[in-house]
Amino acid sequence: MKTIAVFVEGASELITVREYLVRKFDSNVSLKCYEMFSKGKYKSCAYELRGHNPEYHFTIYDVGGEGSVVNQIIDMEGLLWSAGYSKIIGLKDMFSPTYRKISSVVNDSLNNEFIQGHSDQINKAAKRAQDITFCFAIMEVEAWYLGCNEVFQELNDALTPDAILNKIGTRLEDVDPETAFLHPAKTLGEILSIANISYGKHEGDIEKICNALSTSHYQKLYDSQICNSFNKFIDSLEAV
């Protein structure tokens with residue numbers, strides 16, 4: 001069985017990855033999820049899944065902070081390699097307070113600077129940098145949900161394309177959410193408010209969205225010409 005560790009910055013990313021994997025493998029996958037609370041220490045997130053003779057095992061670590069993902073990977077990699085893990089993947093949002101201080105718009109040059117900086121840090125400090133892949137959701141994982149725009153009317157009849165246009169001034173089907181919105185979580189909240197659905201990146205909020213997403217939604221997004229960061233992350237999960 002191939003074993004892969006995925007380090008994410010928060011609950012929204014953990015749930016996103018977890019639910020994607022459950023659908024991708026039709027629940028025939030081994031999964032464990034942990035919340036990290038200090039260097040090398042973690043506790044179970046009370047979620048475990050063991051399919052029938054699964055080919056893959058994924059352990060997902062929520063590091064609880066956007067600045068901690070790379071550091072936790074570097075701190076933990078030795079233990080993971082010793083335990084038989086073959087690959088480590090990191091995932092975090094590009095949007096952050098640091099990013100917002102530098103730019104008020106989506107900035108491709110700044111994105112590349114952040115990506116290169118994380119890559120350089122891993123190449124310099126990691127023992128097996130070649131087996132570590134670091135991914136960014138641009139600008140947040142919520143951009144990927146916005147890319148699955150047909151899911152909104154499935155969530156609630158009030159979330160029609162016209163209602164969304166009237167609310168945010170943009171037709172989702174006409175844009176690439178990862179380049180159109182600096183703060184996709186805020187845009188997602190505005191859209192859901194049409195149907196009086198709250199969104200604050202809480203576990204229940206994310207699970208409500210993920211529960212509505214199917215393999216066909218994910219495949220349509222992957223096959224589209226938008227949300228390239230989604231494709232890069234999915235490719236990293238499958239290149240094991």
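Strand β1 (residues 2-8) is largely enclosed by the rest of the structure, because six of its seven residues are buried. Buried here means under 20% relative accessible area, with exposed being over 50% and partly exposed in between, for a 1.4 Å probe and protein chains only. Strands are DSSP runs of E with at least two residues, numbered from the N terminus. The model is a predicted one, in which local features need pLDDT of at least 70 and side-chain atom pairs count only at pLDDT 80 or more, while totals for chains, interfaces and linings use all residues. Residues are numbered from 1 along each chain as its sequence is written, and side-chain values use heavy atoms, with hydrogens and water left out.

Now to the neighbours of β1. Two strands are taken to pair if DSSP finds at least two bridges between them. Strand β4 (residues 56-62) runs parallel to β1 and is joined to it by seven bridges; within this pairing, Ile 4 has Phe 58 of β4 as its bridge partner.

The cysteines come next. A disulfide is a covalent bond between the sulfur atoms of two cysteines, assigned here when a pair of cysteine sulfur atoms lies within 2.5 Å. The structure holds zero disulfides. For Cys 135, the closest cysteine sulfur is that of Cys 227, at 14 Å, which is too far for a bond. Cys 148 is likewise in no disulfide, and its nearest cysteine sulfur, again that of Cys 227, is 7.6 Å away. Cys 135 counts as buried at 7% relative accessibility, and Cys 148 counts as buried at 2%.

Notes. Helix = DSSP H or I, 4+ residues; strand = E, 2+ residues; numbered from the N terminus.
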